[in-house]
Amino acid sequence: MLIINYLGRFFIMVAFAVLCLGLWLWLSGEDITQQGLYLWPMIELESFNYIKNAMEKFDFLQILWNDYFLTYILLPPAWNGLITLFIILMLNGGILIFLGKFRKTRRRFKRSK
């Protein structure tokens, strides 16, 4: 249960990092009404190519890339994609922390006097 709790906390920290990235993009003057598919390569082309090639190399990751990541994160405007990613990560982290709260309690036998 401890690993589930830490994984949930990790998801929440990544969600806040995504939120900070969105604020940084907005405050730096980038056009966040553009699609994320065009904004990400403009900012960091090398990481975009790395992720894209890694996702397209394997069939099961290609389904994830085409059906979910591309559709819901990269094709809408960048602000919408970042907020969607933030909400997904926060929900997953919250659920994992909730599930990690329940620990097994040890049964203690009472001594008879």
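**Aromatic pairs and the pocket**

Trp40 has a relative accessibility of 23%, so this residue counts as partly exposed. Before I go on, note that this is a predicted model. Phe69 is also partly exposed, at 24% relative accessibility.

By the ring-centre rule, there are 7 aromatic pairs. One of them is Trp40 with Phe69: the ring centres are 6.4 Å apart and the planes are at 70°, so the pair is edge-to-face. Trp40 sits in helix α2 and Phe69 in helix α4, so this contact ties together parts that are 29 residues apart in sequence.

Phe48 and Trp65 make another aromatic pair, a tilted one, with 6.4 Å centre to centre and 55° between the planes. Here Phe48 belongs to helix α3, residues 45–57, and Trp65 to helix α4, so the parts tied together are 17 residues apart in sequence. Phe48 is buried, at 8% relative accessible area, and Trp65 is buried as well, at 3%. Ring pairs link Trp40, Phe48, Trp65 and Phe69 into a cluster.

Now the largest pocket. What is its volume? About 350 Å³. The lining has 15 residues, and those nearest the centre are Leu21, Leu25, Trp40, Leu74 and Leu82. Helices α1 (2–27), α2 (36–43), α4 (59–74) and α5 (78–100) each give two or more residues to that lining. By class, the lining residues are 13 nonpolar, 2 polar and no charged.

Asn5 is in helix α1. Is Asn5 buried or exposed? Buried, with a relative accessible area of 12%. Leaving out residues up to four places away in sequence, Asn5 touches Leu96, Ile97 and Gly100.

Definitions and conventions
Residues numbered from 1 in each chain as written. Predicted model: local features only at pLDDT ≥ 70, side-chain atom pairs only at ≥ 80, totals over all residues. Heavy atoms only, no water. 1 Å grid on protein atoms, 1.4 Å probe; cavity = no way out; pocket = protein on both sides within 12 Å on 5 of 7 lines; lining within 4 Å. Points joined across faces, edges and corners; volume = space filled by probe spheres on them. Helix = DSSP H or I, 4+ residues; strand = E, 2+ residues; numbered from the N terminus. Nonpolar A, V, L, I, M, F, W, Y, C, P; charged D, E, K, R; others polar. Buried < 20%, exposed > 50% of the residue type's maximum accessible area, 1.4 Å probe, protein only. Contact = heavy atoms within 4.5 Å. Phe/Tyr/Trp six-rings, centres within 6.5 Å; stacked < 30°, edge-to-face > 60°.
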